[in-house]
Amino acid sequence: MSYGLNILEAAELDFLSLGALVHRLDPGIIPFRKATECKIHVSGGEFNVAAWRIVLA
Amino acid sequence: MSSYPIGDLIAERVRAMGVKPFYKHFQHNGVTGPNMATVYSDQGFGVRAPVVFYNRCNEAAAQLKPGDFDWPRIFSGGVRWVHSGGIFAALSPTTAPLAAEMMKAAKAAGAITSFDLNFREKLWKIHGGNERAVETIATIVENVDVLVGNEEDLQKGLGIPGPEVAAKSKLDPSVFFGMIDNVVKKHSHVKVVATTLREVHSTNRHSWSAVAWIDGKTYSAPTAELDVLDRVGGGDGFAAGFIYGLLTGEGPEDAVKLGWAHGALLTTFPGDTTMATIDQVRAFAKGGSARIQR
């Protein structure tokens, strides 16, 4: 399947992304102005796309 | 990556997800940074929308610039697919040139390149506004094969004229497809443009679909009614699943469905990175349900 793209069959790296890593503070359904605790999620759009490989592959 | 406990925490999660990092290291001064950005985001509930705000003060990633990474060395063993996005490109005057440098090197190495436009007006306001955004993003897109973005991203990120037809609903892809001719007129090398379609009924109830234009043909995923736990990461989940489909040689419609299914599943997990298995994604893409699996 080409999709008009010439995708290499194999390479050392399947997927590489460039972006900022961030941490997201998440107090759940409580708004921040009333929050007393929160969870920490590591995120970043490019990281989120790269992180598929280990789980989906 | 900045050397302080938040940087260590992030690096630990990157390792846990099995992602191989290529970091530029920054020494945190213990007071003002350079920092890893903080995103504050509650989940909202029902009629109350999530509230998101940022602290990207003295962000380490914003200091990245062309020359920071040795692309020929990184790509020396070959690379199949290279990706970046519009938020990173908007972080500072040096991040877009770095993304452009990477895309050029990636094409030279034979990789497929993709860019998630993710236009953020607030960020571009700091660095020259919408006109500057279009000029800057064009320097990246000139070496990009696959674009991810909705009508607003195409309009504001690429400078494509606005839609000539009114959409019947947020799930109507005719406006998006109607803009593709102008995208290809401006960037004739682009082979794929894809986006999610989302109608928000309440914070926890979305209608969800996805569409793509692939080498001249259009493809659509079904519409699913989602019960949303945490909407952050759904768009990234679509890109991840869609790219997975293309990398594994799925048919174009199946690739769109894999992206759509993965994005949908992402909204059922807390956090932004995937917890879905490929079996769950494939089952939902094929029309699976939430019936208990024993």
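Reader: Is L98(B) buried or exposed?

Author: L98(B) is buried, because it has 23 C-beta neighbours inside 10 Å. Buried here means 20 or more other C-beta atoms within 10 Å of the residue's own, exposed means 12 or fewer, and partly exposed is in between, with C-beta atoms placed from the backbone. This is a predicted model, in which local features need pLDDT of at least 70, side-chain atom pairs count only at pLDDT 80 or more, and totals for chains, interfaces and linings use all residues. Residues are numbered from 1 along each chain as its sequence is written, while chains are lettered from A and ligands numbered from 1 in the order in which they are written.

Reader: Where does L98(B) lie?

Author: L98(B) is part of helix α4 of chain B. Helices (H or I, at least four residues) and strands (E, at least two) are DSSP runs, numbered from the N terminus.

Reader: Leaving aside neighbours within four places in sequence, what is L98(B) in contact with?

Author: With those set aside, L98(B) has contacts with L64(B), K65(B), P66(B) and D68(B). Contact means that the two C-beta atoms, placed from the backbone, lie within 7 Å. F69(B) is 29 residues from L98(B) along the chain, and their C-alpha atoms are separated by 8.8 Å.

Reader: What is pLDDT, and what does chain B average?

Author: pLDDT is the predictor's confidence in each residue, from 0 to 100. Chain B averages 94, and 97% of its residues score at least 70. For the complex, the predictor gives an ipTM of 0.94 and a pTM of 0.95.

Reader: Which residues touch the most other members of the largest nonpolar core?

Author: They are A99(B), M102(B), A106(B), I140(B), A194(B), F242(B) and V256(B), in a core of 94 residues. A nonpolar core is a set of buried Ala, Val, Leu, Ile, Met, Phe, Trp, Tyr and Cys residues joined through C-beta atoms within 7 Å. Apart from neighbours within four places in sequence, F242(B) is in contact with A194(B), A255(B), V256(B), L258(B) and G259(B).

Reader: New topic. How many residues of chain B are in contact with chain A?

Author: 65 residues of chain B are in contact with 45 residues of chain A. On the chain B side, the elements giving two or more residues include α1, β1, α4 (95–108) and α9 (234–247). That side divides into 36 nonpolar, 18 polar and 11 charged residues. Ala, Val, Leu, Ile, Met, Phe, Trp, Tyr, Cys and Pro count as nonpolar, Asp, Glu, Lys and Arg as charged, and the others, Gly among them, as polar.

Reader: In what sense do β2 of chain A and β1(B) pair?

Author: Strand β2 (residues 22–26) of chain A pairs with β1(B) in the parallel sense, over 4 bridges. Strands pair if DSSP finds at least two bridges between them. L25(A) is opposite Y40(B), and V22(A) has A37(B) as its bridge partner.

Reader: Which strand of chain B do 4 bridges join to β1(B)?

Author: That is strand β2 (residues 52–55) of chain B, which runs antiparallel to β1(B). There, S41(B) stands opposite V52(B).

Reader: What about β7(B) and β8(B), how many residues lie between them?

Author: There are 2 residues between them, and the two strands form a hairpin. Their pairing is antiparallel, over 4 bridges, with V211(B) opposite S220(B). D215(B), in the turn, has a positive phi of about 50°. D215(B) counts as exposed because 11 other C-beta atoms are within 10 Å.

Reader: Which peptide bond is cis?

Author: The one from G33(B) to P34(B) is cis, with omega near 5°. P34(B) sits in the loop between α1 (5–16) and β1 (37–41) of chain B.
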